[in-house]
Amino acid sequence: MSYEKEMMDKNSKGEVPNDRLDIPLLKYLWDASPLSFKTKDNYHTFFKKVTVLNSFTDNEIRVFTKFLHRREFIANEVIFRQGDSGYGFYFIFEGSVDVFANYQNINNEEKSDHVIRLEKSQYFGEMGLLEEFNRRSATVIAHENTVLLGIFKPDLEKMLEFHPVLGAKFLRETALIMANRMGQLTREIISLKKKVKDLENRV
Amino acid sequence: MQRNLRIKLFLFFFFLFAAIAFAILFPRLTLPFGFAYIVYLMAKPLTAILTTGSRRQRMFFFSLLVIGVSFSLFPLFAAFYNIDTDFSKFSSHLPEVKSRLQDKFFVIKVYVFEKFGYRLNVDPVSFIIEKLETSGSLLLSQIPNYLSSFLEWLLLVPMFLYFFFFQSKRFGANFMRSIPNSIFEKTYVLFSQFNTKFGEYIIAKFIEATILGTIITFSLLIVGFPYPFVLGFLAGITNILPYIGPIIGIIPALIVALLSNDPNASMVSMLVIFFAANLIDMVLVFPLLVSRVVDLNPIIVVVSVIVGGQLGGVVGMIVIIPFIAFFKLLFEEIYKDLSVQL
């Protein structure tokens with residue numbers, strides 16, 4: 001339920017709204033205002049651009065950002081390694097990251113397979129949030145000075161406890177990301193199988 | 001770059017160990033801090049319930065809370081109200097107890113002389129009573145010290161509570177920011193798990209102690225056993241100590257049953273009441289409340305309680321369990337990591 005609708009519902013029921021001045025809300029509205037000079041680098045504008053969260057209302061984004069941790073990484077700093085226990089899901093707020101498979105050493109490029117470069121507004125590590133005993137399936141390294149916004153298992157639990165609607169919505173979006181990745185993988189497997197079959201036929 | 005990251009990691013651990021050393025060196029600050037933290041953890045879920053939802057929901061939960069707290073605190077208040085009268089009653093009975101004990105010891109003396117022809121020339125009764133009286137006067141002489149530390153706590157605990165309720169969020173955010181990236185995920189998750197486990201354990205033990213104390217108080221009251229409030233209160237408090245607690249809790253009642261000439265102070269009824277209450281605790285309360293919070297082997301629990309008592313007295317005995325549960329989590333995590341690397 002959006003904040004506006006909640007207020008209107010309360011009004012129609014004759015409930016007196018909280019007469020306490022909500023400073024964080026005012027601060028948020030000031031930051032989110034299109035006239036604000038800070039618009040370009042605030043979380044609200046950022047999450048409006050993140051495709052998976054575009055079903056979130058303004059107020060939901062405001063509450064959601066309270067659960068995030070801002071982590072700053074310098075260029076070439078390891079964010080996590082393949083095989084590490086995973087607990088968090090990261091959004092790239094600034095900069096970009098490189099994803100490597102079978103990564104061995106930071107100075108030894110030959111021993112790693114570069115999988116993909118993820119840019120601003122993209123995300124990674126969603127499995128860490130959902131699986132009970134997650135192991136990171138790849139190594140992620142900051143390509144340049146990077147700012148990540150991470151949400152971790154305890155945050156999700158807190159969100160589900162105190163903001164269950166928002167928590168469920170976020171879980172649904174995370175499940176959608178997983179479903180999309182699964183779909184992508186299935187398509188890739190089908191295409192690889194087809195290629196293998198073609199090669200076998202040729203031989 | 002790697003060097004800077006290593007320096008950051010070193011500095012983080014250096015400050016962490018310095019903070020731990022400070023806490024160990026200044027127990028006068030650490031103990032009220034720890035107490036305020038326990039109160040904060042116990043009140044935290046309530047603040048969440050009382051500050052969210054509609055006004056009607058909040059009123060409902062508030063009334064429920066008032067009823068619950070009054071019910072659970074009743075034996076405590078009753079005990080404090082009656083503790084004074086019970087103790088003065090006990091002190092006035094002390095000469096009577098002394099003569100009863102001397103009578104009983106005289107019977108033993110005669111028995112030993114008749115059976116073995118040996119004359120016992122010791123007087124343990126006077127020795128014990130003397131010891132009791134001197135420790136009582138020692139306790140009285142210590143009152144100014146207790147009073148000053150009580151006043152210290154009266155000042156410090158609300159101050160720390162204010163910090164936990166209103167400043168801890170900002171402090172926590174700054175602390176989180178200072179954790180190096182390489183250990184952030186694990187530290188944050190382990191810290192959150194410890195916080196949850198500690199809070200749940202303290203609340204569970206408090207409820208368990210209240211239930212046991214209430215059962216024993218009311219049962220003793222019904223059978224007319226002397227000092228029901230004090231004995232129920234002591235049994236509840238000592239029950240906070242796992243496994244050893246129920247044994248310590250029964251000792252005062254055992255002494256009363258042995259020494260009192262009150263016909264209601266029956267040893268059998270007292271033992272039945274304590275046994276039944278501890279059975280209810282073991283079969284119903286403990287599995288439902290406490291064991292799901294700390295999943296530890298009973299032998300580890302007993303050893304930890306002894307070690308905790310050695311290190312930090314009664315407080316150590318209580319606090320050691322969630323710490324051991326946390327270390328278990330930590331070792332499991334390290335083991336999982338090592339097994340992947342191998």
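Reader: At what angle do α4 (residues 58-65) and α7 (residues 164-202) of chain A cross?
Author: At roughly 90°, and their axes come within 11 Å. The axes are lines fitted to C-alpha atoms over the stretch in contact, with angles from 0 to 180 degrees between N-to-C directions. So α4(A) and α7(A) are roughly perpendicular, a term for angles of 65 to 115 degrees. This is a predicted model: local features need pLDDT of at least 70, side-chain atom pairs count only at pLDDT 80 or more, and totals for chains, interfaces and linings use all residues. Residues are numbered from 1 along each chain as its sequence is written, and chains are lettered from A and ligands numbered from 1 in the order in which they are written.

Reader: Which residues make the contact of α4(A) with α7(A)?
Author: Glu60(A), Val63(A) and Phe64(A) come from α4(A), and Leu166(A), Lys169(A) and Phe170(A) from α7(A). Contact means C-beta atoms, placed from the backbone, within 7 Å. By class there are 4 nonpolar, no polar and 2 charged residues. Ala, Val, Leu, Ile, Met, Phe, Trp, Tyr, Cys and Pro count as nonpolar, Asp, Glu, Lys and Arg as charged, and the others, Gly among them, as polar.

Reader: Over to chain B. How far apart are the axes of α8 (residues 228-238) and α9 (residues 244-259)?
Author: 7 Å, at an angle of about 160°. That makes α8(B) roughly antiparallel to α9(B), the term for angles over 145 degrees.

Reader: What meets what there, α8(B) to α9(B)?
Author: Leu231(B), Leu234(B), Ala235(B) and Thr238(B) of α8(B) meet a set in α9(B) that includes Ile248(B), Pro252(B) and Val256(B). The contact has 7 nonpolar, 3 polar and no charged residues.

Reader: Now the sheet. What's the strand order in chain A?
Author: β1-β8-β3-β6, an open sheet of 4 strands with antiparallel pairing. Strands pair if DSSP finds at least two bridges between them. Both β1 and β6 (123-124) are edge strands, each pairing on one side only.

Reader: How many bridges join β3(A) and β6(A)?
Author: 2, in the antiparallel sense. Tyr90(A) has Phe124(A) in β6(A) as its bridge partner.

Reader: And between the chains, how many residues touch?
Author: 16 residues of chain A are in contact with 18 of chain B. On the chain A side, β1 (69-73) and α6 (153-162) are the elements that give two or more residues. That side has 6 nonpolar, 5 polar and 5 charged residues.

Note on methods: Two residues are in contact if their C-beta atoms, placed from the backbone, lie within 7 Å. Angles under 35 degrees count as roughly parallel, over 145 as roughly antiparallel, 65 to 115 as roughly perpendicular and the rest as oblique.
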